[in-house]
Amino acid sequence: MKISAKISVAVLAIATLVAIPLSSGASAAPKYKAGLKIAMISKIGNIPYFDFAMSGATKACKEIKCTVKYFGPNEGTAAAQIKLINAVVQQGYNGIMISANDKDALVPALKNAMKRGVAVTSWDSDVANAGRNIFVNQASYDGVATAMLDSVVSILGAGKKGDVGILSSTPDATNQNAWIASMAKQIKANAKYSGINVVATVYGNDDPEKSTTETQGLLQSNPTIKVIVAPTSVGIISAAQYVVAHEELKGKVIVTGLGLPTSMAKYIKDGTAQAALWNVPDIGYMSVYAVADIASKLVKTPVKAGSSFAGGTLGSRKAFIGDNGPEIILGPGIIFTPENVDSFKF
Amino acid sequence: MIQKIAAFQTTNFKINAKTLLRRRESGILMVLVLVSVATTLINPRFISGYGLSDLLLNTSMVGCLAVGLTPVVIARHIDLSIASATGFSAFLTAHIIVGHGWGVVPAFFVGACVGAIIGAVNGVLVAGLRLPSLVVTLGALYIIRGIDYQFANNKQFTAEKLPTDLMHLSQDKIYGVPYLFCLVLLLALFGVWWMRFTRFGRDLYAIGSNPPAADIVGIKVFSRTFFAFVWCGTLAGIAGVMYLSIYAIVDSAAFLNQELIVVTAVVIGGVNIFGGLGTIVGALLGAVLLRVLIGALVALGVAQFWQQAINGLLLLIAIGIDRILSRRSETKIERIRDERKMEIS
């Protein structure tokens with residue numbers, strides 16, 4: 001009795017000693033459940049964007065000693081993702097981080113996963129609140145829209161008027177529609193953007209061929225366009241390539257939007273395009289921490305406003321209740337310039 | 001009977017104002033002019049400036065593939081793996097030339113070889129083992145795309161890495177005609193010679209008109225059919241390199257699900273889906289018409305759903321016209337046959 005009491009006091013003392021540096025420092029590794037298995041499900045398995053996110057996820061997993069596996073469906077549909085969700089639940093994964101192809105269709109499968117004790121975070125593209133514990137948002141919709149509008153203003157010149165065309169991905173893409181809506185809202189509300197006149201929005205379906213045809217049609221129907229805004233990493237390349245391929249357009253039409261620095265470097269350096277994006281590896285990194293926090297019960301579910309999520313070397317994030325339930329935001333985006341573009345490896 | 005049909009077709013090739021007007025190709029050409037003029041009246045930029053060369057550049061890939069697919073369809077076969085072969089050739093070519101630092105000519109050589117190998121495998125299965133081409137190439141469609149996914153493994157090649165010469169190739173033109181479209185014209189010219197003036201090509205028409213009869217009269221069905229698939233694969237490979245040149249980006253989803261666009265172009269161009277009828281020129285015109293129509297609808301700002309619906313409608317009209325024409329030529333053949341019978345008796 002005595003000995004065990006002594007031991008428990010000692011253990012308590014040690015625990016307190018350990019706990020003090022834990023709560024203040026970044027080396028938070030020991031408090032996570034050992035052997036967590038996390039499944040990262042992307043929208044579609046063939047684009048580098050998700051590979052770069054995966055590199056961040058792997059890094060985070062090394063730090064907290066979990067394993068993460070990448071699952072990319074062959075086609076960008078909800079049905080393909082549901083199959084993957086059911087499969088990973090059966091295989092005994094503790095956490096799912098998913099970039100959703102559909103807001104509602106995935107909810108039943110994800111609900112079932114949570115019922116079985118699997119922690120679910122959506123990242124990159126959100127699902128309805130009932131289908132996830134938390135959404136790791138790369139940047140607020142308004143923040144992304146502002147970055148793109150600022151870029152347009154820098155091309156047109158402050159206070160100048162100019163026609164702008166938008167080349168989006170699919171007509172029902174959640175993120176793109178939210179960004180486009182936010183841009184429209186800010187153009188109306190903010191005098192700084194009042195010169196921007198959006199004349200048309202076209203959809204390239206994230207397919208190079210279709211995006212090129214649509215860019216062509218956009219400029220044929222609206223020859224006054226000075227800036228093309230492409231809030232998609234596929235469309236922006238097609239638009240930039242179309243402008244590069246036409247002497248007549250060089251310097252007259254500038255492309256901007258969201259793009260990966262490695263694939264946009266050439267166009268950014270020759271002045272054809274500008275581009276902005278959040279740090280892609282970081283969003284994978286942050287999502288692993290979020291899903292591990294919930295799976296290890298370090299954050300209680302349902303997540304309340306003000307709950308703190310550890311973020312490894314990125315620092316912690318406080319949850320808040322967004323339009324669609326609890327979320328955390330990664331942080332401001334990065335605007336790529338001819339000077340800095342080569343320093344990003346994603 | 002085959003020879004009679006062939007004879008009927010050769011007589012039909014004689015240049016004659018009346019038959020020229022009645023030919024299927026002239027019909028497509030007229031629709032083409034009509035669509036272009038109408039669109040240009042509404043939006044002059046459709047043709048002026050760089051509009052026309054853009055249209056031709058857009059047509060290059062589907063045109064190349066239509067020229068490739070035509071001999072296969074004429075032999076009463078189909079190649080559904082054509083778009084997968086194009087996509088795979090695009091990625092593999094990019095991978096190889098970027099790795100070795102090669103330029104334009106080796107790129108086309110590599111692409112053509114990749115395509116030819118795929119075509120040869122299809123050819124052996126269809127012509128050698130006599131398996132139905134629909135099933136064989138449907139399987140190939142998935143297998144090739146699957147290999148592409150595994151091989152590409154989320155990677156992509158963009159303008160940053162691809163050779164600059166190859167990118168420039170799609171921008172260069174002679175008198176406003178892009179080099180790539182000139183390449184398609186050269187390939188089509190070879191195809192026309194092959195299909196119209198060689199025994200080899202005429203045999204394909206015979207095989208497509210009546211496969212058992214072609215066997216009985218001793219036509220080399222295996223080598224003819226096999227080579228048609230190799231030709232189709234090779235052109236798919238070349239189209240893959242064009243994809244790299246035009247879009248300056250390639251991943252494993254390149255040209256995904258585009259096989260039916262090619263089939264549509266070929267059928268609109270008057271090639272009978274049941275074999276035995278049609279020309280390479282017609283298929284090429286079909287591809288141009290299809291792309292001009294897509295371009296016109298985009299230039300006029302028509303919504304996406306209608307663009308696809310109109311393509312479908314065009315296909316149905318084309319098949320309808322085919323039916324009417326083939327019924328007319330059937331009655332004509334019967335009349336000739338009856339006349340001959342009377343002569344003999």
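Colleague: What distance separates the centres of domain 1 of chain A and domain 2 of chain A, and over which atoms are the centres taken?

Modeller: Taken over C-alpha atoms, the two centres are 30 Å apart. Domain 1 covers 29-138 + 280-330 and domain 2 covers 141-277 of chain A, with bounds that come from an automatic or database domain assignment. This is a predicted model, in which local features need pLDDT of at least 70 and side-chain atom pairs count only at pLDDT 80 or more, while totals for chains, interfaces and linings use all residues. Residues are numbered from 1 along each chain as its sequence is written, and chains are lettered from A and ligands numbered from 1 in the order in which they are written.

Colleague: How many residues of domain 1 of chain A are in contact with domain 2 of chain A, and what makes a pair of residues a contact?

Modeller: A contact requires the C-beta atoms of the two residues, placed from the backbone, to lie within 7 Å. By that criterion six residues of domain 1 of chain A are in contact with five residues of domain 2 of chain A. The side of domain 1 that touches domain 2 has three nonpolar, one polar and two charged residues, where Ala, Val, Leu, Ile, Met, Phe, Trp, Tyr, Cys and Pro count as nonpolar, Asp, Glu, Lys and Arg as charged, and the others, Gly among them, as polar.

Colleague: Which helix of chain A gives the most to the side that touches chain B?

Modeller: In total, 29 residues of chain A are in contact with 30 residues of chain B. Helix 2 (48-64), helix 7 (208-221), helix 8 (235-244) and helix 9 (261-269) of chain A each supply at least two residues of that side of chain A, and helix 7 gives the most, with nine residues. Helices here are DSSP runs (H or I, at least four residues), as are strands (E, at least two), both numbered from the N terminus. By class, the side of chain A that touches chain B has nine nonpolar, 15 polar and five charged residues.

Colleague: Why is Met40(A) called buried?

Modeller: A residue is buried if 20 or more other C-beta atoms, placed from the backbone, lie within 10 Å of its own, exposed if 12 or fewer, and partly exposed in between. Met40(A) has 26 C-beta neighbours inside 10 Å, and therefore counts as buried. Met40(A) lies in strand 1 of chain A, and its contacts beyond four places in sequence include Met54(A), Ala57(A) and Val68(A). Phe71(A), also one of these contacts, is 31 residues from Met40(A) in sequence, yet the two C-alpha atoms are 5.9 Å apart.

Colleague: How do you know which strands pair with strand 3 of chain A?

Modeller: Two strands pair if DSSP finds at least two bridges between them. Strand 1 (residues 37-41) of chain A pairs with strand 3 in the parallel sense over four bridges, and strand 4 (residues 119-123) of chain A is likewise parallel to strand 3, joined by four bridges. Met97(A) in strand 3 is the bridge partner of Met40(A), while Gly95(A) stands opposite Ala119(A) in strand 4.

Colleague: What is the hand of the β-α-β crossover from strand 3 to strand 4 of chain A?

Modeller: The crossover, which passes through helix 4 (residues 107-115) of chain A, is right-handed; that is, with the strands pointing away from the viewer, the path from the first strand over the helix to the second runs clockwise.

Colleague: Which residues cover the two faces of strand 3 (residues 95-98) of chain A?

Modeller: In a regular strand the side chains alternate between the two faces of the sheet. Gly95(A) and Met97(A) are buried on one side, and Ile96(A) and Ile98(A) are buried on the other.

Colleague: Why is strand 14 (residues 325-329) of chain A described as largely enclosed?

Modeller: Four of its five residues are buried, so the rest of the structure largely encloses strand 14. Strand 5 (residues 134-137) of chain A runs parallel to strand 14 and is joined to it by three bridges, with Val136(A) opposite Ile328(A). Strand 13 (residues 320-322) of chain A runs antiparallel to strand 14, again over three bridges, and the two form a hairpin with two residues between them.

Colleague: Why do Arg130(B) and Tyr175(B) count as exposed?

Modeller: Arg130(B) has 12 C-beta neighbours inside 10 Å, and so counts as exposed; Tyr175(B), with 5 such neighbours, also counts as exposed. Arg130(B) has a positive phi of about 60 degrees although it is not a glycine, and phi of Tyr175(B), another residue other than glycine, is near 45 degrees.
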